[in-house]
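Please read the following points with the structure open beside you. They take one chain, then the other, then the contact between the two.

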Amino acid sequence: MITWPAWQIWLIIVGLGAGSFLMRFSFLAFVGDRELPPWVLRHLRYTAVAVLPGLVAPAVLWPAATGGEPDPARLAAAVVTCVAGYFSRNVMVAVICGAGTLYGLMWLLG
Amino acid sequence: MTEATRKEGFWLGVRHGLPFLFLLIPFGTLFGVVATEAGLDVVETLAFSIVVIAGAAQFTAVALMQENAPVLIVLATSLAVNLRMAMYSAALTPHLGGARNWQKFLIAYFMVDQAFALSSVKYEQKPDWPLAEKVGYYFGVIIPVAPAWYLSTLAGALLGETIPEALALDFALPIVFLALIAPALRTAAHVAAALTSVVAALALAFVPFSLGLLIAAALAMIVGAQVELWQERRS
């Protein structure tokens, strides 16, 4: 649950918006036609895949909802989501398979 | 003449942008539901989608705010997710750098994954297109995509305020992230980066202020880049 004061939430919204805009505007406006060095591009290619897995790993293994105890329904849902997403290459298919597994197992295991 | 070509490019862009609605509408709705369930109100949730207009970064910010990470860490980590936008900007500049300043402002604001993916492919197929047609195509793609993102977020936020807590929505975020990552694991380098991120984030979970995640992300980017280099040398 987010219990932050409103001004802090707005600070995040405005800061994230401004920072994202500057990154999107950077080359178009300031850098122009100069190309990025290959080693920079090589690292930028992996930003999303470098941040998101690390962000979810603790939530999968130690979910706050069960007081940090590993939970079979949530673990299985995570595995199914990954497998479905990898083979279908489709985000929504993965979400639906994962959510189906989670609710199915929670109902079965009570 | 330029007016005619701009229109042609524009309508082609609209047609190519439309199929993305099948992904964007459920995804935007999900963001609205998750953000309001996490404790944001409808106005804040909608503002996220209008001001930031970048799904993965928005989900990241909400997840870290839920963990009570410090403001600076929330900003740094979510912006790290959006670093790819700088790459988009660099890749589109040879084609769109000649546009008027007000157009470049709008191009930058609307630089989402779908606009970049479609435009960069199209511009490579049609290098001779005049600037007006390239700009027209870009805004054509945006026309269905951006309003769908705003409106589905709003719908999700209104829905989220009525959903009971017992639905285990704490796990909606991890499922969304995993669903985003798994299809993106195209090469061994992507897989290596993802695994490094997981292992390092778990090993560094003790580091205060959620700083372990930023360190893990930096390590994972380096591993991804190195594996890519190594594979290039081998082939």
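1. Along its sequence, chain B runs α-α-α-α-α-α-α-α-α-α-α-α. That is twelve helices and zero strands. Helices (H or I, at least four residues) and strands (E, at least two) are DSSP runs, numbered from the N terminus.

2. The model is predicted: local features need pLDDT of at least 70 and side-chain atom pairs count only at pLDDT 80 or more, while totals for chains, interfaces and linings use all residues. Residues are numbered from 1 along each chain as its sequence is written, and chains are lettered from A and ligands numbered from 1 in the order in which they are written.

3. Chain B has a radius of gyration of 20 Å, close to the 18 Å that the globule rule gives for 235 residues, so chain B is as compact as a globular protein of that length. The radius of gyration is taken over C-alpha atoms, and the globule rule is 2.2 Å times the number of residues to the power 0.38. Along the principal axes, the C-alpha atoms of chain B fill a box of roughly 60 × 55 × 30 Å.

4. Of the 235 residues in chain B, 52% are buried. A residue is buried if 20 or more other C-beta atoms, placed from the backbone, lie within 10 Å of its own. Of the contacts in chain B between residues at least 6 apart in sequence, 77% join residues at least 24 apart. Two residues are in contact if their C-beta atoms, placed from the backbone, lie within 7 Å.

5. Chain A has five helices and zero strands, in the pattern α-α-α-α-α. Its radius of gyration is 20 Å, whereas a compact globule of 110 residues would have one near 13 Å. The box filled by its C-alpha atoms is roughly 60 × 40 × 20 Å along the principal axes.

6. In chain A, 42% of the 110 residues are buried. Among the contacts in chain A with a separation of 6 or more, 33% are between residues 24 or more positions apart.

7. Which parts of chain A touch chain B? In total, 67 residues of chain A are in contact with 78 residues of chain B. Helix 1 (6–31), helix 2 (38–44), helix 3 (47–61), helix 4 (72–88) and helix 5 (91–108) of chain A each supply at least two residues of that side. Helix 1 of chain A gives the largest share, 19 residues.

8. The side of chain A that touches chain B consists of 46 nonpolar, 15 polar and six charged residues. Here Ala, Val, Leu, Ile, Met, Phe, Trp, Tyr, Cys and Pro count as nonpolar, Asp, Glu, Lys and Arg as charged, and the others, Gly among them, as polar.

Technical notes: A residue is buried if 20 or more other C-beta atoms lie within 10 Å of its own, exposed if 12 or fewer, and partly exposed in between; C-beta atoms are placed from the backbone.
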